[in-house]
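Visitor: Please show me the model. I have some questions about it.

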Amino acid sequence: QVQLLESGGGLVQAGGSLRLSCAASGRTFSGYTMAWFRQAPGKEREFVASIIWSGGATYYGPSVKGRFTISRDTAKNTVFLQMNSLKPEDTAVYYCAARYTTVAAYGYWGQGTQVTVSS
């Protein structure tokens, strides 16, 4: 059973930085794509970034490209999201997700961690 546990959320001022972590367990993740999504109150869930476990190719949503960086530590089965130059509009619950790379839908989700950016 795949389990994803996010941590690292909190309150930060605009312009600041946070690093989110997602500890993954339950299987080996080669062949998987790991991702971060976010959802703000009253808005639809938004893709933030993804990384292919094997090889490390990364992809970003347009609103975070150039400010956020996704990475993984294969030895620790952990995925990170480094968030810099944070803006109030980055305020949301951030979710870690996983899918087998050849499958379209993300089938595994964490519980989420709140990120609040004050102006």
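Visitor: In which strand is Leu 20 placed?

Guide: This is a predicted model, where local features need pLDDT of at least 70, side-chain atom pairs count only at pLDDT 80 or more, and totals for chains, interfaces and linings use all residues. Residues are numbered from 1 along each chain as its sequence is written, and side-chain values use heavy atoms, with hydrogens and water left out. Strands are DSSP runs of E, at least two residues, and helices are runs of H or I, at least four residues, numbered from the N terminus. On that basis, the place of Leu 20 is in strand 3.

Visitor: Is Leu 20 buried or exposed?

Guide: Buried means under 20% relative accessible area, exposed over 50%, partly exposed in between (1.4 Å probe, protein chains only). Leu 20 has a relative accessible area of 0%, so this residue is buried.

Visitor: Which residues does Leu 20 touch, beyond those up to four places away in sequence?

Guide: Contact means heavy atoms within 4.5 Å. Leu 20 touches Ser 7, Gly 8, Gly 9, Trp 36, Val 79, Phe 80, Leu 81, Met 83, Tyr 94, Thr 113 and Val 115.

Visitor: How many helices and strands are in the protein?

Guide: Read along the sequence, the pattern is β-β-β-β-β-β-β-β-β-β-β. The count is zero helices and 11 strands.

Visitor: What radius of gyration does the protein have?

Guide: The radius is taken over C-alpha atoms, and the globule rule is 2.2 Å times the number of residues to the power 0.38. The C-alpha atoms fill a box of roughly 40 × 25 × 25 Å along the principal axes. For 119 residues, a compact globule would be near 14 Å; the protein agrees with this, at 13 Å.

Visitor: Which residues have the most contacts inside the largest nonpolar core?

Guide: A nonpolar core is a set of buried Ala, Val, Leu, Ile, Met, Phe, Trp, Tyr and Cys residues joined through side-chain atoms within 4.5 Å. The largest one has 29 residues, and those with the most contacts inside it are Met 34, Trp 36, Leu 81, Met 83 and Tyr 94.

Visitor: Which strands each supply at least two residues of this core?

Guide: In soluble globular proteins, nonpolar side chains tend to be buried together. Here the suppliers are strand 3 (18-25), strand 4 (32-39), strand 5 (46-52), strand 7 (68-73), strand 8, strand 9 and strand 11 (113-118).

Visitor: Where does Leu 86 lie, and what is its relative accessible area?

Guide: Leu 86 lies in the loop between strand 8 (78-83) and strand 9 (92-100). Its contacts outside four places in sequence include Val 12, Leu 18, Phe 68 and Val 117. The C-alpha atoms of Leu 86 and Gln 13 are 73 residues apart along the chain and separated by 7.6 Å. Leu 86 is buried, because its relative accessible area is 2%.

Visitor: What is phi of Ser 85?

Guide: Most residues other than glycine have a negative phi. Ser 85 is found in the loop between strand 8 and strand 9. At 42% relative accessibility, Ser 85 counts as partly exposed. Its phi is positive, near 50°.

Visitor: Where is the place of Asn 77, and what is its phi?

Guide: Asn 77 is in the loop between strand 7 and strand 8. Asn 77 is also in contact with Trp 53. Phi of Asn 77 is a positive value, near 50°.

Visitor: Is Trp 53 buried or exposed?

Guide: The place of Trp 53 is in the loop between strand 5 and strand 6 (58-60). Its contacts beyond four places in sequence include Phe 29, Tyr 32, Met 34, Arg 72 and Val 79. With a relative accessible area of 6%, Trp 53 is buried.

Visitor: What relative accessibility does Glu 6 have?

Guide: Glu 6 is found in strand 1 (residues 3-7). Glu 6 touches, among others, Cys 22, Trp 36, Tyr 94, Cys 96 and Thr 113. The C-alpha atoms of Glu 6 and Ala 23 are separated by 6.5 Å. Glu 6 counts as buried because its relative accessibility is 9%.
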